[in-house]
Amino acid sequence: MFQIERQEKLLQHINRHKKAEIQELSRLYGVSKVTIRRDIDELAAKGLILKTHGGALSLKTNLSFEIPFDAKSETNVDAKRRIGQWAAGLVESGDIIILDSGSTTLEIARHLPPSAITVLTNDLKIAMELARKKPIQLIVAGGSLKESVYTLTGSRTVEFFRSVHANKTFLGCDAVDLSFGVSNRTLEEVAVKQAMLAAADEIIMVTDASKLHSKVFCRLCDIKAIGKLVIDRIDEPARASFEQAGVDVIVVP
């Protein structure tokens, strides 16, 4: 069996069963675990699956399944790093910014230079990253911890973001569709993200191209709510649709 044929079958199997383990796939297709790991790495790099410790998760069938941070952080790593570095350059001295939770917004935090800005977030990974970057002023929202993604949610989190005003909100997303808009896998995070949107003068969405042309469980907002989109690549029809909606599309080099 050729590599491309095997990878197609792997993708079909993972999507059909929602998840699969390397040992199981190795036995099923009669190849070594090293070969299966390489296949999973390539499929994950293309944004087709999520790589996990010892296996993979489907992106197509788990519309309301919260993907653990450790799995998300292993997907499209280079694209997220480039997006984060570019987006960090949009922050100006004196800004008050909101960093949404997620692996791409964490890359923004990693690339922020120590400067006189204020950062508001509900992401504990981001908070830990920025805690040692003086003179950045860090403010962490209260709320209930979602352990697998290190995120604070709930009514206290919503109330916090409703009570503040920021220059910029950097928004992550689970999926974005030109008709359905931006969507999220879990309902409890939508109210928090909507409060973040309402709190800022400018909305900057950061996402890698694997999230385009897809929908998950909960609609967050229309694409018209976004001021800027920072992305690693985008097809021309999608770019034209975003720009027609008033979104400034930035494709990182």
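Modeller: Asp 201 is found in strand β12, where strands (E, at least two residues) and helices (H or I, at least four residues) are DSSP runs numbered from the N terminus. This is a predicted model, in which local features need pLDDT of at least 70 and side-chain atom pairs count only at pLDDT 80 or more, whereas totals for chains, interfaces and linings use all residues. Residues are numbered from 1 along each chain as its sequence is written, and side-chain values use heavy atoms, with hydrogens and water left out.

With a relative accessible area of 57%, Asp 201 is exposed; on this scale buried means under 20%, exposed over 50%, and partly exposed in between, for a 1.4 Å probe and protein chains only. Once residues up to four places away in sequence are set aside, Asp 201 touches His 165, Ala 166 and Asn 167, contact being heavy atoms within 4.5 Å. From Asp 201 to Val 230 there are 29 residues in sequence, and the C-alpha to C-alpha separation is 17 Å in space.

Ser 101 sits in the loop between β4 (96-99) and α6 (103-111), and, leaving aside neighbours within four places in sequence, Ser 101 is in contact with Asn 122, Asp 123, Thr 151, Glu 189 and Lys 193.

Turning to the helices, two packed helices are described by the angle between their axes and the distance between the axes. Here the axes are lines fitted to C-alpha atoms, over the stretch in contact for helices, and the angles run from 0 to 180 degrees between N-to-C directions. Helix α8 (residues 155-162) and helix α9 (residues 187-199) pack at about 5°, with axes 8 Å apart, and are therefore roughly parallel to each other; angles under 35 degrees count as roughly parallel, over 145 as roughly antiparallel, 65 to 115 as roughly perpendicular, and the rest as oblique. On the α8 side the contact is made by Thr 157, Val 158, Phe 161 and Arg 162, and on the α9 side by Ala 191, Val 192, Ala 195, Met 196 and Ala 199. These contact residues of α8 and α9 divide into seven nonpolar, one polar and one charged, with Ala, Val, Leu, Ile, Met, Phe, Trp, Tyr, Cys and Pro taken as nonpolar, Asp, Glu, Lys and Arg as charged, and the others, Gly among them, as polar.

Helix α1 (residues 3-17) packs against helix α2 (residues 22-29) at an angle of about 130°, their axes being 12 Å apart, which makes α1 oblique to α2. In that pair, Lys 9, Leu 10, His 13 and Ile 14 of α1 make the contact with Glu 24, Leu 25, Leu 28 and Tyr 29 of α2, a set that divides into five nonpolar, one polar and two charged residues. The axes of α1 and helix α3 (residues 33-45), for their part, come within 10 Å and cross at roughly 75°, so α1 and α3 are roughly perpendicular to each other. Gln 3, Arg 6, Gln 7, Leu 10 and Leu 11 in α1 meet Thr 35, Ile 36, Asp 39, Glu 42 and Leu 43 in α3, and the residues of this contact divide into four nonpolar, three polar and three charged.

As for the backbone, Lys 18, in the loop between α1 and β1 (19-21), has a positive phi of about 75° although it is not a glycine, and is partly exposed at a relative accessible area of 44%. His 213 also has a positive phi, near 60°, in a residue other than glycine; His 213 lies in the loop between β12 (200-206) and β13 (218-221) and, at 48% relative accessibility, counts as partly exposed. A cis peptide bond, with omega about 10°, joins Lys 134 and Pro 135, and Pro 135 belongs to the loop between α7 (124-130) and β6 (137-140).

Finally, the cysteines: a search of the whole structure finds zero disulfides, a disulfide being a pair of cysteine sulfur atoms within 2.5 Å. Cys 218 is in no disulfide, and the nearest cysteine sulfur, that of Cys 221, is 13 Å away. The sulfur of Cys 221 is 9.0 Å from the closest cysteine sulfur, in Cys 173, which is too far for a bond. Cys 218 is buried at a relative accessible area of 6%, and Cys 221 counts as buried at 7%.
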